[in-house]
Amino acid sequence: DATGETDATMNVIQEFCSSAKIENLFRIISSLSKISQLDNTLGEEISRAGSQAILKRLVDQIKEYITIYETSTNETSEELMDKLMDYLDLTCELYSPMQSRGMPFTNEEIERRLPLVYKLGPNQGE
């Protein structure tokens, strides 16, 4: 039954948009996006650490949900579509296909990129 499948799919979308885990995920994405905008070096490290592949999957999933929502014959909440669009916008702020081409930095590369290195240890003069 097509109506039953559509209702089930809309329930999945509703659960996605109301999940506390998803809310937390998008808080993290928002934080990473702000960090990337404020510090280009950290932004590059974030993007090369594997986040781009995850973000691409998330963008694809949200786009699929939006398509399903738009083609659904059921009358549903505009709030649901707004939330999907907000999630898509936020994800796209951080997602950049061009940045995903680099390999992740090694620990040595990350250490070389740091502006200062402090060697901490016990004071030998005491």
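This is a predicted model: local features need pLDDT of at least 70, side-chain atom pairs count only at pLDDT 80 or more; totals for chains, interfaces and linings use all residues.
Two residues count as being in contact when heavy atoms of theirs lie within 4.5 Å. Leaving out residues up to four places away in sequence, Ser36 touches Gly43, Ile46 and Leu94. Ser36 is found in helix H2, and it is buried because its relative accessible area is 16%, and buried means under 20%.

**The whole chain**

Now let's step back. What share of the contacts with a separation of 6 or more is between residues 24 or more positions apart? That share is 78%.

How confident is the predictor? The average pLDDT of the protein is 80, and 80% of the residues score at least 70. Among the elements, helix H2 (residues 20–38) has the highest mean pLDDT, 91, while helix H5 (residues 107–113) has the lowest, 75.

**Helix H4**

Helix H4 covers residues 78–94, which is 17 residues. From its first C-alpha to its last it reaches 25 Å, close to the 24 Å expected at 1.5 Å a residue. An α-helix has 3.6 residues a turn, so residues three or four places apart point the same way.

**The core**

Which residues touch the most other members of the largest nonpolar core? They are Ile13, Phe16, Phe26, Ile29, Ile62 and Leu84, out of 22 residues in that core. The elements that give two or more residues to this core are H1, H2, helix H3 (40–71) and H4. As a general point, nonpolar side chains tend to be buried together in soluble globular proteins.

Phe16 deserves a look of its own. Leaving aside neighbours within four places in sequence, Phe16 is in contact with Ile22, Phe26, Leu58, Ile62, Tyr65, Leu84 and Tyr87.

**Rings that pair up**

There are 3 aromatic pairs by the ring rule used here. Two of them involve Phe16 and a tyrosine, and both are edge-to-face:

| Pair | Centre to centre | Angle between planes |
|---|---|---|
| Phe16 and Tyr65 | 5.1 Å | 65 degrees |
| Phe16 and Tyr87 | 6.0 Å | 90 degrees |

Why do these count as edge-to-face? Planes over 60 degrees apart fall in that class, so 65 degrees qualifies for Phe16 and Tyr65, and so does 90 degrees for Phe16 and Tyr87.

Phe16 lies in helix H1 and Tyr65 in helix H3, so their pair ties together parts that are 49 residues apart in sequence. Tyr87 lies in helix H4, so its pair with Phe16 bridges parts 71 residues apart in sequence. Phe16 and Tyr65 are buried, and Tyr87 is buried as well. Ring pairs link Phe16, Phe26, Tyr65 and Tyr87 into a cluster.

Val12 is in helix H1 (residues 2–18). Is Val12 buried, partly exposed or exposed? Val12 counts as partly exposed because its relative accessibility is 40%, between the 20% and 50% cut-offs. Val12 and Tyr65 are 53 residues apart in sequence, and their C-alpha atoms are 9.1 Å apart in space.

Tyr95 sits in the loop between H4 and H5. Its relative accessibility is 19%, so Tyr95 counts as buried, the cut-off being under 20%. Not counting residues up to four places away in sequence, Tyr95 touches Gln52, Leu55, Lys56 and Val59. Tyr95 and Ser51 are 44 residues apart in sequence, yet 8.1 Å apart in space, C-alpha to C-alpha.

Methods. Residues are numbered from 1 along each chain as its sequence is written. Side-chain values use heavy atoms; hydrogens and water are left out. pLDDT is the predictor's confidence in each residue, from 0 to 100. Helices (H or I, at least four residues) and strands (E, at least two) are DSSP runs, numbered from the N terminus. The expected span of a helix is 1.5 Å times one less than its number of residues. Buried means under 20% relative accessible area, exposed over 50%, partly exposed in between (1.4 Å probe, protein chains only). A nonpolar core is a set of buried Ala, Val, Leu, Ile, Met, Phe, Trp, Tyr and Cys residues joined through side-chain atoms within 4.5 Å. Rings of Phe, Tyr and Trp (its six-membered ring) pair if their centres lie within 6.5 Å; planes under 30 degrees apart count as stacked, over 60 as edge-to-face and the rest as tilted.
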